[in-house]
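Me: I am new to this structure. Please show me how to read it, feature by feature.

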Amino acid sequence: MIVTCFKCKRHSELDPVFVGFELHKLKKKKPSHYQAVCPACRAVTKVSVKEMQDELDQAAEDIQKMIAEYEEEKAKAKAEKKAQAKEKVKSKAKAKPKV
Ligand SMILES: [Zn+2]
């Protein structure tokens, strides 16, 4: 989908996979707009998600893949942080058995 910057009128192509991924990160159930940042002047142009829905649907598989990878990375980073914190407060006491 081609977006025209409202400020400098420059056209830029939006990658539906990237858009879908960004929309996911917004953590909104039904975002109505995507905020496209102009590569030339950094102005934000609002794009209706409805207008992009067809492209998003077509890219749904790739979007899900990207989201899954992102979530995995996030979980990994979190686990690493947790492990580090655990390492810090390691006590002599034995870990409690899981219930
Ligand atoms: Zn612009």
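The dialogue below goes from the whole chain to single residues.

Reply: This is a predicted model, in which local features need pLDDT of at least 70 and side-chain atom pairs count only at pLDDT 80 or more, while totals for chains, interfaces and linings use all residues. Residues are numbered from 1 along each chain as its sequence is written.

Me: How many helices and strands does the protein have?

Reply: Helices (H or I, at least four residues) and strands (E, at least two) are DSSP runs, numbered from the N terminus. Here there are 3 helices and 4 strands, and their pattern along the sequence is β-β-α-β-β-α-α.

Me: Which residues make up the largest nonpolar core?

Reply: Two definitions are needed. A residue is buried if 20 or more other C-beta atoms lie within 10 Å of its own, exposed if 12 or fewer, and partly exposed in between, with C-beta atoms placed from the backbone. A nonpolar core is a set of buried Ala, Val, Leu, Ile, Met, Phe, Trp, Tyr and Cys residues joined through C-beta atoms within 7 Å. In this model the largest one has 6 residues: Val3, Val19, Leu23, Tyr34, Ala36 and Met52. Helix 1 and strand 3 are the elements that give two or more residues to this core. Buried residues make up 11% of the 99 residues.

Me: How do strand 3 and strand 4 pair?

Reply: Two strands pair if DSSP finds at least two bridges between them. Strand 3 and strand 4 (residues 44-48) are antiparallel, over 5 bridges. Histidine 33 is opposite serine 48 of strand 4. The hairpin of these strands has 6 residues between them, and arginine 42 in this hairpin takes a positive phi near 65°.

Me: Where is lysine 9, which has a positive phi?

Reply: Most residues other than glycine have a negative phi. Lysine 9, with a phi of about 65°, is in the loop between strand 1 (2-4) and strand 2 (11-13). Lysine 9 is exposed because it has 10 other C-beta atoms within 10 Å.

Me: Is lysine 27 buried or exposed?

Reply: Lysine 27 counts as exposed, because it has 7 C-beta neighbours inside 10 Å. Lysine 27 is in the loop between helix 1 (16-25) and strand 3 (33-37) and has a positive phi of about 60°.
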